[in-house]
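Please keep the sequence and the structure open while going through it.

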Amino acid sequence: MISIQQLSKVFKTNTTTIQAVDDLNLRIDKGEIFGVIGYSGAGKSTFIRLINRLEEPTAGDVIIDGQEITALSKNQLRLSRQEIGMIFQHFNLLWSRTVRENIALPLEIAGVSKEERISRVDELIRLVGLAGREDAYPSQLSGGQKQRVGIARALANKPKVLLCDEATSALDPETTDSILSLLVDINEKLGLTIILITHEMHVIQKICHRVAVMEGGKIVEQGEVVDVFSHPDKAVTKKFVEQVMGKPDKDITEEAFVQSVESGKVLRLHFVGETANQAIISQVAKKFDVEINIIQGNVKQTQSGAYGSLFVHVTGEETELEQAINYITSTSVEVEVKTDA
Ligand SMILES: Nc1ncnc2c1ncn2[C@@H]1O[C@H](COP(=O)(O)OP(=O)(O)OP(=O)(O)O)[C@@H](O)[C@H]1O
């Protein structure tokens, strides 16, 4: 759906030259939720604004659904932008217009008839969960509601792509989650391709299929979210993974527990991908005559399955224990035996 080739942006001021985006290459599939994460100054905002040419590239190409965006004239670009919706951290709503009027604005600009506008706006209001608030002004809305208006407005012209520029950064955690769920819902219902930029790994974990990590204007690492979570390569990626997983578990309590058990086995079960969805613990407890105690665990759901580990103590007859471990190993859960008491 989107192909980005050797994309660069250099800002020149009187005193300095800043390479904000440096030779980016990326392919994003149709229907994908693709996240770009990076710290402040990494070049994320510049990158996302280059996609719809809110920022003009210094070099490189952006191709969306076969159309070379970077080759369009100003007039062609205006039309083409109707197919690229965008939402912003601070919503960018018109304060003098109601919810309904804000959502209708891009339809007015596109020359859609009044009758059609009314029915499209009604449909969008239902889609984003704003029924009952149609006639409110932005100043009367909560942050989450304002972003819902932003999303409805971005979707008004049925775009192929939705760009999200730190869309949840101004929201509290609970509202963030409700907006992220709405984005997943829209992605699934409409098959919309979504590109988002963020500095929060939680956002990536919750809704993205793939992620690219940006640093110094470059993409330093990219892949499926679970793969990046389980094998972060670069130091910057490891720090982002720690944001949601905490520091790698080398904690004293684990060692102390391993020392203290008198029978059974202490295992660490590693989940990467689909497996955590299979309720493996309850299956093992039902199939084999063993007791399983979960000592500690940290498993996060991502769009492409779960990632994390569980630290468990399993007790029972030796043969049952062995069969249980063999069974777990036969799934894609990785088993690490910490003790053999
Ligand atoms: N209009 C501009 N003129 C000059 N320099 C700019 C301009 N816009 C961005 N930059 C510089 O480009 C670099 C990348 O900025 P950008 O805003 O894209 O990063 P970011 O990862 O989105 O960070 P943040 O989340 O803080 O916005 C920074 O060094 C920034 O100062």
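**Notes on the predicted model**

1. The UniProt record, an unreviewed entry, carries the annotation "domain: ABC transporter" over residues 5-241; UniProt positions are given in the numbering used here, feature names are shortened, and annotations may be inferred rather than shown by experiment. Helices (H or I, at least four residues) and strands (E, at least two) are DSSP runs, numbered from the N terminus.

2. Residues are numbered from 1 along each chain as its sequence is written.

3. Buried residues make up 37% of the 341 residues in the protein chain, where a residue is buried if 20 or more other C-beta atoms lie within 10 Å of its own, exposed if 12 or fewer, and partly exposed in between, with C-beta atoms placed from the backbone. Among the contacts in the protein chain with a separation of 6 or more, 70% are made by residues 24 or more positions apart; two residues are in contact if their C-beta atoms, placed from the backbone, lie within 7 Å.

4. The protein chain is divided into domain 1 (2-244) and domain 2 (252-340), with bounds that come from an automatic or database domain assignment. The contact between them takes 11 residues from domain 1 and 8 residues from domain 2. On the side of domain 1 that touches domain 2, α7 (201-207) and α8 (225-230) are the elements that give two or more residues, and the largest share, 4 residues, comes from α8. The residues of this side divide into 7 nonpolar, 3 polar and 1 charged, where Ala, Val, Leu, Ile, Met, Phe, Trp, Tyr, Cys and Pro count as nonpolar, Asp, Glu, Lys and Arg as charged, and the others, Gly among them, as polar.

5. The largest nonpolar core holds 86 residues, of which Ile103, Ala152, Leu163 and Ile195 touch the most other members. This core draws at least three residues from each of domain 1 and domain 2. Such a core is a set of buried Ala, Val, Leu, Ile, Met, Phe, Trp, Tyr and Cys residues joined through C-beta atoms within 7 Å. Leaving out residues up to four places away in sequence, leucine 163 touches Ile48, Ile51, Asn52, Ile84, Met86 and Ile195.

6. Which residues surround the ligand? They are Phe11, Thr13, Ile18, Ala20, Gly38, Ser40, Gly41, Ala42, Gly43, Lys44, Ser45 and Thr46, each with its C-beta atom, placed from the backbone, within 6 Å of the molecule. Both β2 (17-28) and α1 (44-51) supply at least two residues of this shell, and α1 gives the largest share, 3 residues. By type, the shell divides into 4 nonpolar, 7 polar and 1 charged.

7. In helix α3 (residues 99-109), the buried residues are Val99, Arg100, Asn102, Ile103, Ala104 and Leu107, and they pack against α4 (114-127) and α5 (143-155). Glycine 111, which follows α3, has a positive phi near 80 degrees.

8. Apart from its neighbours within four places in sequence, lysine 146 is in contact with Phe91, Leu93, Pro138 and Leu141.

9. Finally, two backbone angles deserve a careful look. Most residues other than glycine have a negative phi. Aspartate 23, however, has a positive phi near 55 degrees; aspartate 23 lies in strand β2 and is partly exposed, with 14 C-beta neighbours inside 10 Å. Lysine 158 also has a positive phi, near 50 degrees; lysine 158 sits in the loop between α5 and β7 (161-165) and counts as exposed, with 11 C-beta neighbours inside 10 Å.

Methods
This is a predicted model: local features need pLDDT of at least 70, side-chain atom pairs count only at pLDDT 80 or more; totals for chains, interfaces and linings use all residues.
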